[in-house]
Amino acid sequence: MELTPVPPKDRTAAGFTPSPVEPLKHQLLATLFQHRMASTHQLHVLLRPDRSRQSVSEQLNDMLSERLVGFVVLPQSHRSRVWYLTPKGARLTRDWPALRGRPPYPITSATAASLKTPHTLTVLRTHLAFVADARRRGDEHGHLDWTPEVFHSIGDGERVVADAVMHYTLINGEQRRKLRAFVEVDRATMSSERLAAKLIEYARLWAYEPQPVGRRRQARGPGWLRWYPVFPRVLFVLTGASRQTMDNRISDLKAMVAHHPLVADLAREVPLGAVVLEDLEEYGPASDVWVPLDGCKPGPWTEL
């Protein structure tokens, strides 16, 4: 099947971009706190796509001189820099209203940043594909609508960790449709079996009901209702291997849906899909590049 990028809707309103009213410095600090680290190019695309890259670089260098940020240099990248907050920068931003509730900041040195760089930048790459598509379509999805490393309890001291939670608002005239998704980014660094087992963790989260404390307290239903009005769809984004290897990994995800009873129950209620990152970037998330894990035909992520 030949794919073509989905054209934008015919609208007079421009796509969603960060407000220029808020200083770029504040947006850079908030973005680095939210996403943990980002390259200069990614920050430019995310925050000021209509401005020069130099305008972003100048702000970053000013923040470097104030010791609010640090950087590591990507290998074999013509000295491309990946930025992260220093402990001073993290302390400055952690109590900002938009960032409350985020887990403690995990990167405090160039060494720690280097260890996390490949996966973190790939997760942000995935986010940028949705940001670009939202701008083309006139939907809402900005730099703070993507939260990496989200933890949820599934009982017995265990927890499921999503690579990211995405919030996205589809806009069609006066109609607004809010969507949420757990996003798992797979760089083929774990076995295919371990990847497919992530579906069991999400199925356990979907079914998990915290036990009431005390005799008079009654159970209030699934624990996820504390954070979401509807259980988010689960999206797997694959990269870092041959096309055949990624197709095999998607087949293993589909087999887990077919053969695990609890995952099968989840799939009947929650949209589950997988995509190759390079297809996502070339054709856009709204194209028919998503493979539904319940065996249906490929389609957009919004229609899984």
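1. Glu149 and Arg36 form a salt bridge, with their closest N and O atoms 3.8 Å apart. Glu149 sits in strand S4 (residues 146-155), while Arg36 sits in the loop between helix H1 (24-35) and S1, so the pair ties together parts that are 113 residues apart in sequence. Please keep in mind that this is a predicted model.

2. Arg36 has a relative accessibility of 1% and counts as buried. Glu149 has a relative accessible area of 23%, so this residue is partly exposed. The cut-off explains the two labels: buried means under 20% relative accessible area.

3. Ala188 has a relative accessible area of 28%, so it counts as partly exposed.

4. Back to the charges. How many salt bridges does the structure hold? The count is 14. One of them joins Glu281 to Arg125, and here the closest N and O atoms are 2.8 Å apart. Glu281 belongs to helix H9 (residues 277-283) and Arg125 to helix H5 (residues 110-137), so this pair ties together parts that are 156 residues apart in sequence.

5. Both ends of that pair are partly exposed: Glu281 has a relative accessible area of 38%, and Arg125 has a relative accessibility of 28%. Arg125, Glu278 and Glu281 are linked in a network of salt bridges.

6. Asp265 and Arg268 give a local case. They form a salt bridge, and their closest N and O atoms are 2.2 Å apart. Why are they separated by about one helical turn? Because they are three residues apart in helix H8 (residues 261-269). Asp265 is partly exposed, at a relative accessible area of 31%. Arg268 is exposed, at 60%.

7. Now the sheet. Three strands form it, in the order S1-S3-S2. The sheet is open, and the pairing is antiparallel. Its edge strands are S1 (38-39) and S2 (69-73), each of which pairs on one side only.

8. How many bridges join S2 to strand S3? There are five, and S3 covers residues 81-85. The two strands run antiparallel. Phe71 stands opposite Trp83 in S3. Find these two residues in the structure and you can follow the pairing by eye.

9. Last, the surface. Which residues form a positive patch? They are Arg67, Lys88, Arg91 and Arg94. Arg91 is found in helix H4, which covers residues 87-93.

Terms used:
Residues numbered from 1 in each chain as written. Predicted model: local features only at pLDDT ≥ 70, side-chain atom pairs only at ≥ 80, totals over all residues. Heavy atoms only, no water. Patch = residues over 30% accessible without salt bridge, like charges linked within 9 Å, V, L, I, M, F, W, Y side chains within 5 Å. Areas by Shrake-Rupley, 256 points an atom, 1.4 Å probe, with all protein chains shown as cover. Salt bridge = Lys/Arg side-chain N within 4 Å of Asp/Glu carboxyl O. Lys, Arg positive; Asp, Glu negative; His and termini not counted. Charge placed at Lys NZ, Arg CZ, Asp CG, Glu CD. Helix = DSSP H or I, 4+ residues; strand = E, 2+ residues; numbered from the N terminus. Pairing = 2+ DSSP bridges. Buried < 20%, exposed > 50% of the residue type's maximum accessible area, 1.4 Å probe, protein only.
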